[in-house]
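Reader: I would like to learn how to read the features of a folded chain, with a worked case for each one.

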Amino acid sequence: MSLCGDTWNQHEHDMDLALGILPHITPQFFVPRMFDKPQDPIVHAIDREKATTLEKRDARNLDSRDITRAQDMPALPSLSPEVLWANSVTSGDQHSDQVVSWDVLRQSHPDRSYNTPFLTEQSSDVSASAQYQSDSFFYIVNGIKNVTSSMRPLPFGPRANVVCVNELELLESLRMTVLGTSSFLHTWDPVSETFLSSGGAENMPNKLLISGKDETMSSSLLKRFLDIGTLMRRLEVFLSVLRTRRKEENATVHAFSHALSVVLVYLRDQLFRGPLSNFCIPVSPKTLSATWLYYGLFEEIVVSLASLCQRGLGLSPSQYPRFTMKPVALLSRIYKYLDTHFRKSSSRSLIAVFAYLLTMSSKNYLQALCRSVAYADSNNQRVTTSQQPRRTAIGPLDIEDFDQASPEDDGVLFAEDHELPSFIPRDLAEVLPAAQKSLKLLAAAKPGHPVLNPLVRRPFITWVWSTRDIEDLWRTGSLDGVGDVAPTIGSHSPPDLASADGNLPGSDYQSDLVGFRLFDLEPGSNRDDTFNEHSMHAALENFILSFPPVLPSITPNLGLLTSLVFSPLISHAASLSSALLSIFLDQNSFLYVHDHLVLLRSHMLLTSPSFKSRLTAALFSDTDDREVVAGGGKSFALSRQRSRSATGVAQHGTRHWAVGLAPFLIERGTWPPGGADLSFFLRTVIVESQDICSFGPDDSQEHELGSRRIAQEAEIRLGFAIRDLPSDTGRERWLNPLYIEALDFLYLDYKVPHPLEVIITPDTTSKYQRTFSFLLRVIRVESAIRAAFRMTHRDVLFPTLNQSRKLLIHFRFMAHSFVTTLSAYIFDVAIGGNFDAFLARITACRLGTSSEFTDVFSLAEAHSAVLNDILSACLMRSAQRAAGDLLRGSLELILELCVMIGDLNDGRLQEYQASSALDVLFAAFRNKISTLIKVLEVLLEKDLKSSQRQELLLALQEQSDVRHAPGGVEALRHLILRLDINEWWKNLNS
């Protein structure tokens, strides 16, 4: 301590040079030398403890004698200071206090000592003074330069304004600061949105120091209160800014801002009720610590709320991110914070606050979500709500009528690319889009369905938190029994407006307009106190107090509770899809999908014998005379009284014969044919091919009426049309009747009845039309090869070239065999096998023997998959371009053979010319077929599981009566077996 004394003396000398220099204080103690013998610490400790006890006892005796002697001491004579100090030094009582003072009986500082070597365990005054002195005047002497320099700066800086306050003044100031209001010690700065110390000089930083506390302890004690006040004020500013963004505000954001304002009112009330609310605080050594501990829970709540609103203490106003105004993102953020606090086992009050925010903020969104699938009747809900307050999971908090939200609001909620909040269960997220679409389709198909008009009103989905409500929801699966978590406040119960004073003007209101009686009251009066601010935060307080400390065992975490809350909506959404599917599978309905698919298969896939035969007779011809029109075409031509003229014969001699096409199609000499004649003729084909079954005595049955209506409307819904194909270059193959693509301009269309468009989509219709065009090509080649057979069978085309004649007959046989095999494979396996199996699956689902189709969308996907298999089996997919080109090239070679035979039969081609062309065509045909077989083998080898799948299908067919489809690529094995059963084509060039 001598060093500190010297330092202080030097400092006093610098401050006042008028004082004389005091003599140096020499040390009055010495440290005895230790004896050169072993030390015994245990014995020394015992001796030291005994000596200390004796000294304390003697000190107490001396203090009592001194006090008694001081009371009986006579008045001191007037002595000069020199004599007084000399007498005190020569006094014989050396055991009393050696410091002489005028206030002997009252000491400024306690003289009791602490048996501890640590300053922090001393009294607050001693600890603070020692630390302040050591921080302020710690110098070292530089021995080299012989100068004195400061080792570290002052704790507050040389120009800091230090404000010292006692605990009572501090508590009175914190009463205002903790509420976010300026006080005489702290002032709110709107620029930095923080509290700054006030009362100092201008342009000087202010530092607050609590009496008896050092700077570190003072800052630590003040931090909690300043943080609470700062965050409360920032949240209020956040709400004011949020309400100014009217253009971006929606019902969810409005509900969130309202709920947050209620939470802030509740927090302000709780903060005001704390220990700081007592103006006459009995300050004790524990008062500040107890107050600091009391506000710890509120600090945790406001810090979490500020983090939710992106207004934390670590951010300055310029760093605030833009708060999201999207309902989905906002609700997901609140749910994420709530789930985090559940996982961290935060305090019950903190979890309850976030549960309240989620409940109130998501209320409108959940109701809109329910309305999107017709879960609740909005009209009935509105009438009930207008008559009495709704009983929900939060009781009187649930006072706003969100049922009157417009459909436009729902569109805003669900216009985010079908994005859903994170708390929506996966099961609901998967079934919800299908349910929303099914609702529109169900309303169009059957508006009076019981699912759309329930006999019992279903309440909207809402969050439940109490153990009783969760158990009731688990047991009943409905929200009807959900009650109030917080009891209704009796003083704020809403009155019955219908029983109000009948003498008021305009008191006769209808039940729907009884709420307007509020405007008949006198200005300033209010008969309903339910909607005031105090009742809202009182209800929130009851909600927090009644919030369960832990979730029940049946839903131990928030994820399971969420699944339970949304389970009624999941069941309802699934019922919508199944209800629509049941209508499409109802035999008594005009929308019976089975009959519509049979109609499409019969006409667009040419599986109806009557339609196929009439269409073949209308568009194709297999006769050996180019002037003869067979079948319906002949009768139609005779009705037109068309005769052969010399001009027509000359024209026939100058152009090629389009073998396989009906003669009247190329009668005008232009291609493609057109005019009213072709349109009327094709219309006649559709009308005459409709086979309306004759019904028995049960003609009045609904299912027969439905089938009859489908058959009657078939001729209206089916129709031929001309496709708009490119014709810019003039070399398009569909413009030449000699090519296999000659009829690609013609397609068959079907007007799908609403709402069957969900199953028979435009995409699937285009697949039907692609298959229809391919079938027209096959039928054209098939008709041409039959016409070639008749021409070669009637006349000898190569009378002088025997080898060419044999080659022609051999080539004709191979071509006819290939076309016949291909046609049989297409109609029996590719179309019949796949489509008939699909219809069998629909029938099994209708009968209840199979649950493969859960909704109409899975049925639509299966329908599209079946058409994809048909296209794959016919080599018409883009991934099968190589094999498809080989198949189309083989059919083109056969058609060229038929055209060559027709020209040879008409005399347009000489025998020697046809012989060389026949050799080229035959060689090309052999190569095409051989390569096609090899390519098909490669396609099957790529699908390594095809053989295993076939074996599995065969095993399933043996075990069940359900018919299984041959598939797409897998069906090509049937084509290989039909074309090359003995592998002759495969080994042709080997």
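Predicted model: local features only at pLDDT ≥ 70, side-chain atom pairs only at ≥ 80, totals over all residues.

Reader: How many helices and strands does the protein chain have, and what share of its residues is buried?

Author: Helices (H or I, at least four residues) and strands (E, at least two) are DSSP runs, numbered from the N terminus, and the protein chain has 32 helices and 8 strands. Buried means under 20% relative accessible area, exposed over 50% and partly exposed in between, with a 1.4 Å probe and protein chains only; of the 990 residues in the protein chain, 44% are buried.

Reader: Which residues touch the most other members of the largest nonpolar core?

Author: A nonpolar core is a set of buried Ala, Val, Leu, Ile, Met, Phe, Trp, Tyr and Cys residues joined through side-chain atoms within 4.5 Å. The largest one holds 233 residues, and Phe 566 and Phe 818 touch the most other members. Helix α27 (residues 802-847) gives the most to this core, with 19 residues. Contact means heavy atoms within 4.5 Å, and, not counting residues up to four places away in sequence, Phe 566 touches Leu 366, Leu 369, Phe 423, Ile 424, Pro 425, Leu 428, Ile 461 and Trp 463.

Reader: How many residues of helix α12 are buried?

Author: Helix α12 (residues 363-372) is mostly covered, with 10 of its 10 residues buried, including Lys 363, Leu 366, Leu 369 and Arg 371. Just after α12, Ala 374 takes a positive phi of about 55°.

Reader: How are two packed helices described?

Author: Two packed helices are described by the angle between their axes and the distance between the axes. Axes are lines fitted to C-alpha atoms, for helices over the stretch in contact, and angles run from 0 to 180 degrees between N-to-C directions. The axes of helix α21 (residues 609-619) and helix α24 (residues 676-689) come within 9 Å and cross at roughly 160°. Angles under 35 degrees count as roughly parallel, over 145 as roughly antiparallel, 65 to 115 as roughly perpendicular and the rest as oblique; α21 and α24 are therefore roughly antiparallel to each other. Among the residues making the contact are Phe 611 and Leu 615 of α21, and Phe 681 and Val 685 of α24.

Key. Residues numbered from 1 in each chain as written. Heavy atoms only, no water.
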